[in-house]
Each structure stands twice: as C-alpha cells, then as structure tokens.
Amino acid sequence: MSPEHWTRPSRPDDRDRLADTAVPAATSATPTREQVIAGLRATSEGGADLVQLLTPEGQRVSHPDFDIDITDEQLRGMYRDMVLVRRADREGNALQRQGQLGIWVPLLGQEAAQIGAGRAMRPQDMAFPSYREHGVAWCRGIDPTELLGIFRGTDHGSWDPNETGMSLYTIVIGNQCVNATGYAMGQKFEGKVGNSGDDPASNEATMVFFGDGATSQGDVHEGMVWASVYDAPVVFFCQNNQWAISEPTERQSRVPLYERAKGYGFPGIRVDGNDVLATLAVSQWAMNEARQGNGPLLIEAFTYRMDAHTTSDDATRYRLDDELEAWKLKDPIERLRAHLLREEIADQEFFDRVDSEADELAARFREFCVNMPEPPPERMFSAVYAEESPVVAAQREDYLNYLAGFADSGHDTEGSVR
C-alpha cells in the first residue's frame with residue numbers, strides 16, 4: 001500500500017465534529033451520546049476502511065489493495081480448520097459445565113480471525129497468544145488436547161514454544177504485547193529481519209494476539225512504544241470482539257482501535273474478522289512487511305464474541321439477544337460454507353467428512369480430558385529454574401515431609417500418589 005494511505009491528514013469533517021463535541025469530566029461514568037458518535041463513527045458495521053473479500057452471504061468481492069490468490073484446496077482447508085477448532089471449543093465449554101475443567105475461554109465467532117492470521121505465519125515466525133487463541137494454536141501444530149492442562153489446573157501449557165513457534169498462553173491481560181515486542185527486537189538484533197540475500201524467505205517476524213479490552217492496559221501501549229522506537233518486526237493483532245468482558249468498545253476508546261496506531265507512528269488497518277480470506281490477506285501483507293523490516297503494524301480484526309467472555313461470565317446480564325442474533329448472520333464458518341457451495345468448490349460429501357472428523361476430535365478431546373492423571377504434589381516445584389535451586393529443593397522436601405505426616409494423605413515420602 002502507498003505511504004499516502006497511512007499519512008493522510010484527518011478529514012476536516014472529523015476535526016470539526018470533534019471540536020463541536022462537548023467533553024465531560026474524565027471521571028464521568030457514562031460517555032455522552034455525542035462522544036460515542038464522534039469517537040466511533042461507523043464502528044457498528046466496521047466502517048468504510050474495513051477490508052473485506054467475502055460478504056456475509058459468501059460472495060467473493062475484490063479489494064484494490066488486498067486481493068489474494070488462493071486455491072480451492074486452501075479454501076477447503078481453512079473451512080476444515082474452523083469447523084474442527086469450533087468443535088473442540090464447544091467440547092471445552094461442555095466439559096467445564098460438567099466439572100471437568102476449572103474454566104474455559106470460548107472463541108465462538110472468532111474462528112476466521114484466528115485461522116486467517118495463524119495461516120499467514122511461517123514456521124520460523126513466533127506467535128504470542130492471550131488465553132483465547134485456540135485457533136492460532138491449531139495453526140501452529142498444537143493439538144487441542146495440549147490446551148486442557150491449563151484449564152484443568154495441571155500445568156501451564158504442555159507445548160514447547162521453540163518447536164511450535166508459539167509462546168504459552170498469557171493470563172495477565174496484555175502482558176504478551178511486551179513479551180512479543182522484546183522477542184521481535186531480538187529477531188532484529190540477531191539479523192533475522194530485512195535480509196534480501198540468498199534466502200530472504202528465512203526472514204522472521206512476530207505476531208501478538210489480544211482483545212479490544214486489552215488495549216486499555218498499559219502493557220499494550222508500552223509494547224507499541226518500544227516496537228515503534230526500535231522498528232521491531234511485530235504485528236499487533238487485535239481481535240475486537242466488541243466486548244471487554246462486560247464493557248463495550250465505546251467504553252474503551254473514542255476512536256476506532258486501528259486508528260490508534262497513528263499515535264505510535266506505524267500503520268493500522270481494520271479487517272473483517274469474520275472473513276477468513278480478508279484476514280489471511282491482510283495478515284500475510286502485514287507479516288511480510290514486518291519480515292522486510294517495515295514493522296511494526298496493527299491489525300484490528302472486527303469480529304464478535306458469540307459466547308461469554310469465559311465460562312464464569314454471564315453475557316446475558318450486559319448484552320441484548322438481538323445483537324447476538326444479528327451477528328449470527330455473519331457467522332464466519334457459514335460465510336465460507338456459502339462461498340464453497342456458491343462456487344461449487346465443495347460438495348455435501350466434503351462437508352459430511354469434515355463433520356465426521358469433528359466428531360472424532362471431540363470424542364478424543366473429551367476422553368483425554370476425563371482421563372488426565374492428577375499431577376503429583378512435587379509438580380509445583382519442578383521446572384522453576386533451568387538448574388535446580390537448593391532453596392526450591394529444600395522447600396520441596398519440607399512440603400513432601402509435611403504431606404507424609406498425615407495418615408490419610410495418600411502420599412508416600414516420595415510425594416507420589418498411592
């Protein structure tokens with residue numbers, strides 16, 4: 001895209017409109033109607049700057065800057081990705097309701113945003129997730145069963161970030177943005193960015209995932225400041241699902257989130273997060289820019305959280321049913337399914353085969369969860385340091401001796417469960 005696209009001045013009507021808006025005190029509990037309208041112009045439908053390649057009806061449309069060539073096989077593959085990820089997600093929700101998991105974080109409705117972005121990454125890239133990126137994990141080769149330990153309370157994540165190219169889930173809101181920026185700075189310092197020599201395909205970049213609510217956290221802003229100053233090869237991927245737990249986007253920002261990038265001096269772009277093609281196209285472009293040394297960049301994937309924030313949340317207390325019903329018509333999976341049928345890219349046999357595979361994944365996911373072994377008590381002392389610490393070792397021995405002092409503890413002096 002041309003530099004002018006990112007450096008154009010604010011439109012005169014924007015300046016006039018904001019100048020005429022009455023601004024209440026910063027401590028005001030509720031923004032005025034004029035503030036909401038002024039700060040979030042066209043947010044409800046994504047706005048004129050929204051990048052879209054598939055309409056909600058599944059019709060392919062063109063875009064002057066982000067058209068993409070994609071094979072029928074790739075389209076079918078992304079449909080399969082979304083269906084399987086959603087099925088695992090729904091099974092996770094059910095397992096929590098049945099007492100098998102302590103909590104579950106749904107991604108329902110955000111499959112296209114995550115699969116599109118995840119498939120835009122190369123093996124040498126690094127992803128930094130929050131706690132909802134089950135689709136990104138799928139794209140990085142992490143089996144859904146490897147997520148279960150986090151939500152069952154048996155581990156902090158069982159995959160190797162170095163092997164998978166994806167960091168462990170981050171529970172602290174927004175903290176992954178600081179970590180991702182630091183990692184991307186390392187990629188640049190080590191000369192893994194902007195190479196045009198014998199193998200430019202070896203260039204690396206980082207993508208970090210967070211929600212609209214995280215944009216109110218200091219860690220996100222700190223990450224963006226450092227990334228801007230050091231030209232770090234990092235793509236900030238914000239999944240704007242309209243709700244930061246129980247607060248809508250208009251309580252988080254007076255401008256569309258992608259426009260915040262201007263304040264840090266790098267490009268921001270808004271994509272239809274329910275359109276897997278558009279998300280893939282924009283994410284590929286952004287990651288290529290970062291790999292070539294033209295980062296950082298911000299992508300706002302405009303989507304919707306069709307379930308609660310987590311299984312401990314009751315979204316019906318703050319969200320209207322008609323809003324949810326309106327977004328169901330923009331379902332990312334049904335959108336791609338309609339396109340596959342419209343263009344005769346897939347037949348009923350294909351859809352039945354994918355559904356059958358999803359059933360098999362759900363059964364395997366459930367069986368793995370129910371039969372997960374209880375971790376031994378010494379587990380909390382392991383993998384604290386790269387090399388064993390005498391202090392931690394002494395704490396472990398004291399704790400195991402303490403447990404062994406109970407006649408009905410079920411533990412022997414070695415700490416294993418009898």
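Predicted model: local features only at pLDDT ≥ 70, side-chain atom pairs only at ≥ 80, totals over all residues.

Biologist: OK, and where is Thr-215 in the fold?

Modeller: Thr-215 is in the loop between β2, residues 206-211, and α10, residues 218-229.

Biologist: Which residues is Thr-215 in contact with, leaving aside neighbours within four places in sequence?

Modeller: Phe-210, Val-220, His-221, Cys-238, Leu-257 and Arg-260.

Biologist: Switching to the surface: which residues form the nonpolar patch?

Modeller: Phe-189, Val-225, Trp-226, Val-229 and Tyr-230, and together they have about 530 Å² of accessible area.

Biologist: Which element gives the most to that patch?

Modeller: That's α10, with three residues. Tyr-230, on the other hand, is in the loop between α10 and β3, and β3 covers 234-240.

Biologist: Why does Tyr-230 count as partly exposed?

Modeller: Because its relative accessible area is 34%, and partly exposed is the range between under 20% for buried and over 50% for exposed.

Biologist: Where does Glu-349 lie, then?

Modeller: In helix α15, which runs over residues 348-370.

Biologist: And is Glu-349 buried or exposed?

Modeller: Exposed: Glu-349 has 55% relative accessibility, and the cut-off for exposed is over 50%.

Notes:
Residues numbered from 1 in each chain as written. Heavy atoms only, no water. Helix = DSSP H or I, 4+ residues; strand = E, 2+ residues; numbered from the N terminus. Buried < 20%, exposed > 50% of the residue type's maximum accessible area, 1.4 Å probe, protein only. Contact = heavy atoms within 4.5 Å. Patch = residues over 30% accessible without salt bridge, like charges linked within 9 Å, V, L, I, M, F, W, Y side chains within 5 Å. Areas by Shrake-Rupley, 256 points an atom, 1.4 Å probe, with all protein chains shown as cover. Salt bridge = Lys/Arg side-chain N within 4 Å of Asp/Glu carboxyl O.
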